[in-house]
Amino acid sequence: MKLHKSSRSWSKPHDLFIKISTCRLPNFPIQIILLALSHFLLPASCSRKPPPLPILPLPTAFQLQWQLGDMALFFHFGTNTFTDSEWGSGHAHPSVFNPTKLNASQWIRVAKDSGFSTVILTAKHHDGFCLWPSDYTDYSVRSSNWKNGNGDVLAELSAAAKDAGVGLGIYLSPWDRHETYYGDTLQYNEFYLAQMTELLTRYGGITDVFLDGAKGEGEKDMKYLYASWNSLIHQLQPGASIFSDLGPDTRWIGDEDGSAGFTCWSLYNKTGFEIGDIDLRYNSEGDPFGPDWIPATCDVSIRPGWFWHASEVPMSATSLLEIYYKSVGRNCKLLLNVPPNSSGLISDEDIQVLQEFTELRRSIFSHNLAINAVINASSIRGGIQDTHFSPFNVLKEGIYTYWAPGENQYKWILYINLQELVSFNVLQLQEPIYMGQRVIEFHLEALTQDGVWTRVVNGTTIGYKRLLLFPKLKSQYLKLVVDKSRADPLISYLGIYMDSVTVLRDTPDKKSRASFNGSQVLQITTTDNSSLRDVV
């Protein structure tokens, strides 16, 4: 159909709508026709509708960059690697540290090939041994036999990371079982900040600083001056994201299983908490009323221990995939520990698992089964002529375009026509989190082949990324319904996928909890006596 300006004047805009609506134009949806004609209908002075007001709190630039990374690798490495220990005593002789085949480029290659954007090294663990030649202690690589005392693990890792374009982070343990200053609040904090300054000024850009409140039971009584630490870190590395139990930039999820709460807000309220003294459930779920933006990190080790032990083996790739659903798929970042072995390399069996994990993710998430769908919405901000907020934006990867509904609406629905019957069992959603985290509750419905709308899955928070796994179904028509939101909901991405690997656990009774999605599975009867599955 060729469209052109007409000399006829229309008394009212809806007259034209009626004329078009009654035209015989097969295969031309009315929305597309109106969109094409909007150029002729709108006065020249009409300007585009501005974006909605962001809802506070908002992420900083480096918090946003941190979240976009999805996953990071943790390298626990030190004297414990050679003494078959998890918590060293601080008395192991430096000569035990001798990784004769250390190859930091291999570590970085494994990380990058497996889709991890950042690596974090235990520059110093609780035993106090430093993987760089610190000027403030002799308990470091300088006193080891490795490279005749001339080695620097952090320097080698920094160079390899820079060459590969991988971010570099550091962990400097607050607890130091070797240092004699430990126990004297003033002197030890001065010592600690001096070592932190070395790490943040000698090795180029640092993207992450991992802190914790580690202190052994019965240890000397002293105070860690976190406020001073955080200020210095941000002064020396303004783009670094600081992790601790409660931020300031990213928080601990509250367990070391890599699993977030089914509901997980990036919003948080630090008031009343201290590092080492937190509410684990609160950390796991966050707070929809929290005034602080502090997204969560889910840390877990690929092996039973955090340091390498010859007697241990890594978990399976399918176990890692389940952790991925419960961390990255719940608005968090996955921090996976893969400890180098005593030769200074990532073990072959760990590499094999990471390769299988990468292939599993690729096989599931490389192709959005909704990519060719026709998307409509209950309303569009600025009206149908404003493509800036079009529902078709949800098929574009990333978070910088989005569907926005019209203002003062009470129904927020996306209608998805897949244009053919599709089998799937995974839903992915994303919000443009730079506009704030908004969605409180949502659900997905599918039209069954007998013409009944069935509720497939219920979800709570979305945030940067939400993944929901449910029993396999086949449908052509779907509805994504946002039930509750802190403000007008904004959806930046919608994907459906088929996971043929992950097995959902047996369905429990109506009042128990399913262990995979952290969700309750019910059988609900519809008006035509068919049943629908509601995973909430």
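This tour moves through the model one selection at a time and says what is found at each stop.

The model is predicted: local features need pLDDT of at least 70, side-chain atom pairs count only at pLDDT 80 or more, and totals for chains, interfaces and linings use all residues. Residues are numbered from 1 along each chain as its sequence is written, and side-chain values use heavy atoms, with hydrogens and water left out.

**Whole chain**

Start with the protein chain, which has 11 helices and 18 strands. Helices (H or I, at least four residues) and strands (E, at least two) are DSSP runs, numbered from the N terminus. Of its 536 residues, 55% count as buried. Buried means under 20% relative accessible area, exposed over 50%, and partly exposed in between (1.4 Å probe, protein chains only). Among contacts in the chain with a separation of 6 or more, 74% are between residues 24 or more positions apart; contact means heavy atoms within 4.5 Å.

**The barrel**

Select E1, E2, E3, E4, E5, E6, E9 and E10. These eight strands close into a barrel in the order E1-E2-E3-E4-E5-E6-E9-E10, with parallel pairing. On average, neighbouring strands of this sheet are turned by 25° against each other, direction ignored. Two strands pair if DSSP finds at least two bridges between them. Arg251 stands opposite Ala296 in E9.

**Helix H8 and its cover**

Next select residues 226–236, helix H8, where Tyr226, Trp229, Asn230, Leu232 and Ile233 are buried. Looking down the axis of H8, the buried residues fall within an arc of 165°, so they line one face of the helix. The arc is that of the directions from the helix axis to the C-beta atoms. Turn to the other side of H8 and find Ala227, Ser231 and Gln235 exposed. What covers the buried residues of H8 includes helix H7 (185–202), strand E4 (208–210) and strand E5 (241–244).

The axes of H7 and H8 come within 10 Å and cross at roughly 20°. That makes H7 roughly parallel to H8. Axes are lines fitted to C-alpha atoms, for helices over the stretch in contact, and angles run from 0 to 180 degrees between N-to-C directions. Angles under 35 degrees count as roughly parallel, over 145 as roughly antiparallel, 65 to 115 as roughly perpendicular and the rest as oblique. H7 passes H8 in a right-handed crossing; a crossing is left-handed if the near helix is turned anticlockwise from the far one by less than a right angle, and right-handed if clockwise. To see where the helices meet, show Asn189, Tyr192, Leu193, Met196, Thr197, Leu200 and Thr201 in H7 against Ser228, Trp229, Leu232, Ile233 and Leu236 in H8.

**Helices H5 and H6**

Move to residues 104–113 (H5) and 153–164 (H6), whose axes come within 8 Å and cross at roughly 40°. That makes H5 oblique to H6. The crossing is right-handed. On the H5 side, Ala104, Ser105, Trp107, Ile108 and Lys112 make the contact, and on the H6 side Val153, Glu156, Leu157, Ala160, Ala161 and Ala164.

**The loop at Asn269**

Centre on Asn269, in the loop between strand E7 (267–268) and helix H9 (280–285). Asn269 is partly exposed, with a relative accessible area of 24%. Not counting residues up to four places away in sequence, Asn269 touches Tyr282, Asp287, Gly290, Pro291 and Asp292. Gly286 is 17 residues from Asn269 in sequence and 8.1 Å away, C-alpha to C-alpha.

Select residues 493–497, strand E16. Five of its five residues are buried, so E16 is largely enclosed by the rest of the structure. Tyr493, Gly495 and Tyr497 point one way from the strand, and Leu494 and Ile496 the other way. Leu429 stands opposite Leu494 in E16.

Gln430 also belongs to E12 and is buried, at a relative accessible area of 5%. Its contacts beyond four places in sequence include Ile399, Ile462, Tyr464, Leu490 and Tyr493.

Finish on Lys474 in strand E15 (residues 466–485). Lys474 counts as partly exposed at 42% relative accessibility. Beyond four places in sequence, Lys474 touches Leu421, Val422, Ser423 and Gln449. Phe424 lies 50 residues from Lys474 in sequence and 6.5 Å away in space, C-alpha to C-alpha.
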